[in-house]
Every structure is written in C-alpha cells, then in structure tokens.
Amino acid sequence: ENLKKLMKFQIIRTKKLYEEGYTLANYIDKKLVLELSLFTLGGLSILRKIEKNNFDTISMRPTLSKLDKIYIFTSVYFRMKLGLTPVSKKNFKNETFEK
C-alpha cells in the first residue's frame, strides 16, 4: 500500500514536470517540436498505463505496444498539420486524483 501511495505521488509530480517541460515547445526550433511532442506523449502514455495497472510496476512493467506508438505518432502529426497544439492539455490532467 505504501508503494502504491508513492507511485501515485510520483505520477502526479511527473505529469507536472512533463507539462512544465512541454512549454519549451513555444521556444524551440519548429523542427524539434515533433520530437519533443512524441517524447512527452510517450511518457504520459506510460504514466497512464501505470495508473491503469493500479500503480503496480513490480509485477508488470509498463510498455508501449507498436499500436500505441502508431497512435502517438499519428495523433501528434495530425494535430500539428491541423495547426493545433501537438499534445493536448487534457493529457496533463490527473483525472485519477481530481475526483
């Protein structure tokens, strides 16, 4: 139970760090925004998998499948092509804890 509480705390903290770090997208060369966005959305996807697995990282290691990676890439790519923020703000929310 203590490990679960620690993981919840760390996920909240890490999502905030990803969100703060993602503000760099406003200041870096546009060619790097795709890479920063993929890194950010990939990390956030791993955090969601940890949440869905009840914060257990001991018995099952969270990984991204090929399908997950394809979804991340197409999501970021098409959002950029549509002139939207590549990583939606909703990805940074801590829904699990904001109830």
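Where is the place of Asn-54? Asn-54 sits in the loop between α2 and α3, and that loop is where I'd like to take you this morning, by way of the two helices.

Some housekeeping, everyone. This is a predicted model, in which local features need pLDDT of at least 70 and side-chain atom pairs count only at pLDDT 80 or more, while totals for chains, interfaces and linings use all residues. Residues are numbered from 1 along each chain as its sequence is written, and side-chain values use heavy atoms, with hydrogens and water left out. Helices here are DSSP runs of H or I with at least four residues, numbered from the N terminus.

Let's start with α2, residues 30-52. The buried residues of α2 include Val-33, Leu-36, Leu-44 and Leu-47, where buried means under 20% relative accessible area, exposed over 50% and partly exposed in between, using a 1.4 Å probe and protein chains only. Those buried residues pack against α1 (2-22) and α3 (66-81).

One of the buried residues of α2 is Ile-50. Leaving aside neighbours within four places in sequence, Ile-50 is in contact with Met-7, Ile-11, Phe-55, Asp-56, Thr-57 and Pro-62, contact being heavy atoms within 4.5 Å.

Now back to our loop. Asn-54 follows α2 and has a positive phi of about 60 degrees although it is not a glycine. Phe-55 lies in the loop between α2 and α3 too, and its phi is also positive, near 65 degrees. Are they buried or exposed? Asn-54 is partly exposed, with a relative accessible area of 45%, whereas Phe-55 counts as buried at 4%.

On to α3. Its 16 residues should span 22 Å, and its end C-alpha atoms are 22 Å apart, which agrees. Ile-72, Ser-75 and Val-76 are buried. They cover an arc of only 90 degrees around the axis, which puts them on the same side of α3; the arc is that of the directions from the helix axis to the C-beta atoms. The buried residues of α3 pack against α2, while the face turned away carries the exposed Lys-66, Leu-67, Ile-70 and Lys-81. After α3 comes Gly-83, with a positive phi near 80 degrees. Thanks, all!

Note on methods: The expected span of a helix is 1.5 Å times one less than its number of residues.
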